[in-house]
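Dear colleague,

Please find the structure below, handed over for your records. A short account of the findings comes after it.

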Amino acid sequence: PRRIAFELHSDHANAGRRIPLGLKSKRLRVLVTGGSGFVGSHLVDRLMARGDSVIVVDNFFTGRKENVLHHLRNPRFELIRHDVVEPVMLEVDQIYHLACPASPVHYKYNPVKTIISFFKDHKTNVVGTLNMLGLAKRINARFLLTSTSEVYGDPLEHPQVETYWGNVNPIGVRSCYDEGKRVAETLTMDYHRGLNIEVRIARIFNTYGPRMCLDDGRVVSNFVAQALRKEPMTIYGDGKQTRSFQYVSDLVEGLMRLMEGDHVGPFNLGNPGEFTMLELAKVVQDTIDPSAKIEFRPNTEDDPHQRKPDISKANELLGWQPVVPLQEGLPMMVSDFRQRIFGEHKESRS
Ligand code: NAD
Ligand code: UDP
Ligand code: UDP
């Protein structure tokens, strides 16, 4: 995909002014919260490659140092272990706010941990986002929130357009995540309208790729890890529910275009290719092991029946669309998972 042909001046007086590449005097300073996680670390790679100075703030709740290890010796890179629920003082031009505990699906087998983690979800989404907006206000930085397609809940409109307000159960088991992100969007818009903070909102649809948490319970990572370990792939419910799966490099491109562009959003960022979980299992079989088994399990409460982004807005205003189909993206994730599950010495197993 075409690279963005301009960058922002890091000089605050010129903040927001577009400077053609090559004419800028200084590189950008960018904060990525959650930057040692799955999406964050890929974003960091792109920002570092562009020549920016990058600060990652992460509490390693689900992130891993290994994801950014290759930048640790670079003087343009800084890694800070910090929980965004606590205030932080930094000086940057842009803030990509990704910090957020991974899907609560992960914890449903352990009720005590679940309560703690739901609480953490809320606190990070609400207090963490507030702190990052407060930081953006103090230093006049541009702020990008990574929201989620989950704000549409179990959608009654299909595909989902940004103007759809969603169908979320406020007291359900998933609401800590859905409602947490909805509050984060509200806070972001309030800081924008009330205090003139420059903000951007991305609504991210299911994304997969290398460095995904192995055991976070999301469907693509589950199926891939299960097929590699010769365990049956667990389908929740009848497997007819749908999701749209986006490869991580497409998402990162969309996030950067959104940050550099002139539009607040929200923007759906996702791949419109829609798959049932049965179809996904078939793609995983085709990619890893045609004899991989399937096992049906009871579905979780409030599981959205269908999800597919309408990306016309991002296409028109950001010139963005995903370019990696599932059949191409999956093998890249599989080789990363294979390496992490079996170790490098057993790579030849494939
Ligand atoms: P991830 O779990 O790999 O990354 C989240 C990162 O945030 C981790 O490194 C974690 O340690 C860190 N973190 C969590 N709580 C924190 C806190 N209180 N303080 C500091 N750091 C904290 O998940 P991801 O898939 O990379 O998600 C990144 C963002 O994108 C999240 O905001 C998520 O809600 C959003 N998103 C992701 C998807 C997807 O399919 N991957 C879909 C929709 C939205
Ligand atoms: N904040 C922060 N870093 C900063 C500035 C603010 O973490 O550089 C936090 C601050 O602690 C507060 C939140 O952001 O909890 C909101 O800040 P804001 O100034 O908007 O609100 P106020 O502090 O006036 O309530
Ligand atoms: N799912 C599944 N098997 C798994 C994990 C998830 O069938 O091992 C289903 C889940 O019920 C949901 C879909 O896959 O319908 C996507 O789940 P995920 O947690 O990945 O994302 P989200 O529900 O947040 O979109």
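The notes that follow cover the surroundings of a ligand and some backbone features.

This is a predicted model, in which local features need pLDDT of at least 70, side-chain atom pairs count only at pLDDT 80 or more, and totals for chains, interfaces and linings use all residues. Residues are numbered from 1 along each chain as its sequence is written, while chains are lettered from A and ligands numbered from 1 in the order in which they are written.

Ligand 3 has 16 residues around it, of which Arg-218, Val-219, Asn-222, Thr-234 and Tyr-236 come nearest (a residue is near a molecule if its C-beta atom, placed from the backbone, lies within 6 Å of it). By class, this shell holds five nonpolar, eight polar and three charged residues (Ala, Val, Leu, Ile, Met, Phe, Trp, Tyr, Cys and Pro count as nonpolar, Asp, Glu, Lys and Arg as charged, and the others, Gly among them, as polar).

Two peptide bonds deserve mention. The bond from His-158 to Pro-159 is cis, with omega near -10°, and the bond from Gly-265 to Pro-266 is also cis, with omega near 5°.

Phe-60 is not a glycine, yet has a positive phi of about 60°. Phe-60 is exposed, with 12 other C-beta atoms within 10 Å (buried means 20 or more such atoms, exposed 12 or fewer, and partly exposed in between, with C-beta atoms placed from the backbone). Asn-140, likewise not a glycine, has a positive phi of about 60° and counts as partly exposed, with 14 C-beta neighbours inside 10 Å.

Yours sincerely
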